[in-house]
Amino acid sequence: MKRTKRTMRTAIALSAAVCAAGLSTPVLAQISGDTVKIGMITDLSGVYSDIDGNGGAEAVRMAIADMGGAINGKKIQFIVADHQNKPDIAASKAREWFDQQGVDMLIGGTNSGASLAMAKVAAEKKKVFIAIGSGTAQLTNEQCSPYTVHYAYDTVALARGTGATMVKQGGKNWYFLTADYAFGQSLEKDTTDVIKANGGTVLGSVKHPLGASDFSSFLLQAQSSKAQVLGLANAGGDFINSVKAAKEFGLTSKMKIAGLLVFINDIHTLGLPTTQGLYLTDAWYWDMNNDTRTWARKYFAKMKKEPSSLQAADYSAAMNYLNAVKAIGTDDGDKVMAQLKKTKINDMFAKNGEIRPDGRMVHDMYLMQVKTPAESKAPWDYYKVVATIPGAQAYTTKAETKCAAWK
Amino acid sequence: MQIFGVPLQAMMSQLLLGLVNGSFYAMLSLGLAVIFGLLNVINFSHGALYMMGAFAAYIGVTSFGLNYWMMLVLAPLIVGVFGIVIEKTMLRWLYRVDHLYGLLLTFGITLLLEGVFRSFFGVSGQTLDVPEALSGATDLGFMMLPNYRAWVVLASLVVCLATWFTIEKTRLGAYLRAGTENPKLVEAFGVNVPLMVTLTYGFGVALAGFAGVLAAPVINVTPLMGSNLIIVVFAVVVIGGMGSILGSIVTGLALGVIEGLTRVYYPEASEVVVFVVMVIVLLLRPAGLFGKSLA
């Protein structure tokens, strides 16, 4: 009995000593679970799977490989899931990963609804969330969070890029063909504001259901408006079918077409004879300079196509996150966010990019024009950079923001 | 002159465009009606086979150097043969059980086909050019009608009417109809009923393939193009009356026109109007406009 008591006492003393020792070591170099775990939830099988999807996941893997697969001897792991464009799936997957899989940072691929849902979960769990391919500017405005970074572009930047430049080039009268849901309507509204601010007018708009089967009647209505510019506030398959029908019905000879959300994959599908002359705004193009070309070559070797701006952004975001973890020696959400926000981003994706207090990654955007078949020398040689839109002008300003963290 | 605030010219062009879209509905719902009428199978894979027809045309033209006209014949044949394989190996075992099993099987086939095409081609889609002879547009006075769209209406009308004539007015059609009413009796007369059923299924899905080829130059060819359309086409079949051949043709064209008018007056509702019509028809005539009364 006595002996047991003494043993107990020794045990308690020992454990107290261990605890004290644990407290006295600085909480610096700590990588939770001894691995840096990156998760990515995106559309792998639906309408957005070409612009991000498996190509985007491959880009993240390239970043991990370039980092050497480990940080200070701690392994970097990567997992991917398909949200099937359903916000509820995205949110529950994110929750499961944070709680059970020990994911330290989550990349949200495409789809605004899914990203807004994931941002909420990440904020609750105090983990870094980087939204790449979703358009909605709400991520860093009304619904901003201290743990969200919005990386590649947003609807505001698209509107300011294409809208302002086309008005300045003489396209004063606009008519909109708009996808009838949150994304299309906010894109139309943002662009309308820009057009009016630059002295242009909007003659009207027609709202089509998402995934409409035929666009010819909408286009005839646009044609009879006699506007100079047809603004396409839709995306993906809707955009492709609108342009195809515009060409078939001879609209392209009378009106200028402005694509408000266009990815290089859309141009690849439609081909240059149909799309030549089209104006669009994008964050990145593979053939802009030596850095972009070097990275694109590596990507091409793996995927057999040129990367979209989103896939380049996936790489850049993962790389900058890993660099931040390496610099401060921890994957703690708050500390990594602080590090990310004070580090300029300089890589093949962005020059002098910075993450603002509202989470917006501000970088230059580019107004592109699609080349004519004669100008294009090779497959995927599609764009001419017409103008660079400085980041400060492209995104929501401090005066406009509704984000409390940036007031 | 204006009709409810829309100029007459604009109205006429919208009606014509509605007719073009109606042609696709007519052709697809006709195939469904033939299959349902003679096999009692709800062929959910119809949309996927339509997609397959479009892809067959695309692959034939871009990879094998064939032209559009050859593919207009070849693609339906390929899809038809594929359908026959499905019928021979899987579908035939389900005739005796509930409709639901056929529906589930063909739905599974749809998912499978879409998945296979998606893994090869991605989802952005492929483009097939309008054939040389049909490019350009004709000035109709009230609108410029692309020649290809006119061809779509013509081709689908010919195919639909020929099908209707064959089934309703010829001896072969009479065998078919008799075979579905009482297969035992017709077999007793020395008619090979299983073969007839197989060929009917092949023909029905070949119609979907044909519609796919017709659609390929005007819409984005993607693995999901069938799923987008098939639900509307099912609604058309329900409105026309399950299994009614003439019903599906007339309803298909009429709904295309109604949809076209909606695009002018209330564009946001244009993808829903077909279902609104379906609800009204089901309330007033549960068997469909051309269907035999259920009672």
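User: Which residues of α5(A) and α6(A) meet?

Analyst: In this predicted model, Thr155(A), Val156(A), Leu158(A), Ala159(A), Arg160(A), Gly163(A), Ala164(A) and Val167(A) of α5(A) meet a set in α6(A) made up of Ser186(A), Leu187(A), Asp190(A), Thr191(A), Val194(A) and Ile195(A). To count as a contact, two C-beta atoms must lie within 7 Å.

User: What makes α5(A) oblique to α6(A)?

Analyst: Helix α5 (residues 155–168) and helix α6 (residues 182–197) of chain A have axes 8 Å apart and pack at about 40°. That angle makes α5(A) oblique to α6(A), because angles under 35 degrees count as roughly parallel, 65 to 115 as roughly perpendicular and over 145 as roughly antiparallel, and oblique covers the rest. The crossing of α5(A) past α6(A) is right-handed.

User: Why is α5(B) called roughly antiparallel to α10(B)?

Analyst: Helix α5 (residues 147–169) and helix α10 (residues 245–265) of chain B cross at roughly 165°, and their axes come within 9 Å. The cut-off for roughly antiparallel is over 145 degrees, so α5(B) is roughly antiparallel to α10(B). The two cross in a left-handed sense. On the α5(B) side the contact is made by Cys160(B), Trp164(B), Ile167(B) and Glu168(B), and on the α10(B) side by Ile245(B), Leu246(B) and Ile249(B).

User: How do you know that α9(B) and α10(B) are oblique to each other?

Analyst: The axes of helix α9 (residues 225–240) of chain B and α10(B) are 8 Å apart, at an angle of about 120°. Roughly perpendicular covers 65 to 115 degrees and roughly antiparallel begins over 145, so α9(B) and α10(B) are oblique to each other. α9(B) passes α10(B) in a right-handed crossing. Val236(B), Val237(B), Ile239(B) and Gly240(B) of α9(B) make this contact with residues of α10(B) including Gly247(B), Ser248(B) and Leu255(B).

User: What makes Thr275(A) count as buried?

Analyst: Thr275(A) has 26 C-beta neighbours inside 10 Å, and so counts as buried, the cut-off being 20 or more. This residue is in helix α10 (residues 272–275) of chain A. Beyond four places in sequence, Thr275(A) touches Val243(A), Ile267(A), Leu270(A) and Val370(A). From C-alpha to C-alpha, Thr275(A) is 8.6 Å from Lys247(A), which is 28 residues apart from it in sequence.

User: Why does Val279(B) count as exposed?

Analyst: Val279(B) has 11 C-beta neighbours inside 10 Å, and 12 or fewer is the cut-off for exposed. Val279(B) therefore counts as exposed. Its place is in helix α11 (residues 273–284) of chain B.

User: Why does Lys126(A) count as partly exposed?

Analyst: Lys126(A) has 13 C-beta neighbours inside 10 Å. A residue is exposed at 12 or fewer and buried at 20 or more, so Lys126(A) counts as partly exposed. Lys126(A) lies in the loop between α4 (112–125) and β5 of chain A.

User: What is phi of Lys126(A), which is not a glycine?

Analyst: Phi of Lys126(A) is positive, about 55°. Most residues other than glycine have a negative phi. Lys226(A) also has a positive value, near 60°. Lys226(A) lies in the loop between α7 (216–224) and β9 (229–233) of chain A, and is exposed, with 11 other C-beta atoms within 10 Å.

User: Which residues have the most contacts inside the largest nonpolar core?

Analyst: They are Met118(A), Ile130(A), Leu230(A), Ala318(A) and Ala54(B), in a core of 218 residues. Helix α1 (residues 8–39) of chain B gives the largest share, 17 residues. Ala54(B) is in contact with Gly212(B), Val213(B), Ala215(B), Ala216(B), Val221(B) and Met225(B), leaving aside neighbours within four places in sequence.

Technical notes
Residues are numbered from 1 along each chain as its sequence is written. Chains are lettered from A and ligands numbered from 1 in the order in which they are written. This is a predicted model: local features need pLDDT of at least 70, side-chain atom pairs count only at pLDDT 80 or more; totals for chains, interfaces and linings use all residues. A nonpolar core is a set of buried Ala, Val, Leu, Ile, Met, Phe, Trp, Tyr and Cys residues joined through C-beta atoms within 7 Å. Helices (H or I, at least four residues) and strands (E, at least two) are DSSP runs, numbered from the N terminus. Axes are lines fitted to C-alpha atoms, for helices over the stretch in contact, and angles run from 0 to 180 degrees between N-to-C directions. A crossing is left-handed if the near helix is turned anticlockwise from the far one by less than a right angle, and right-handed if clockwise.
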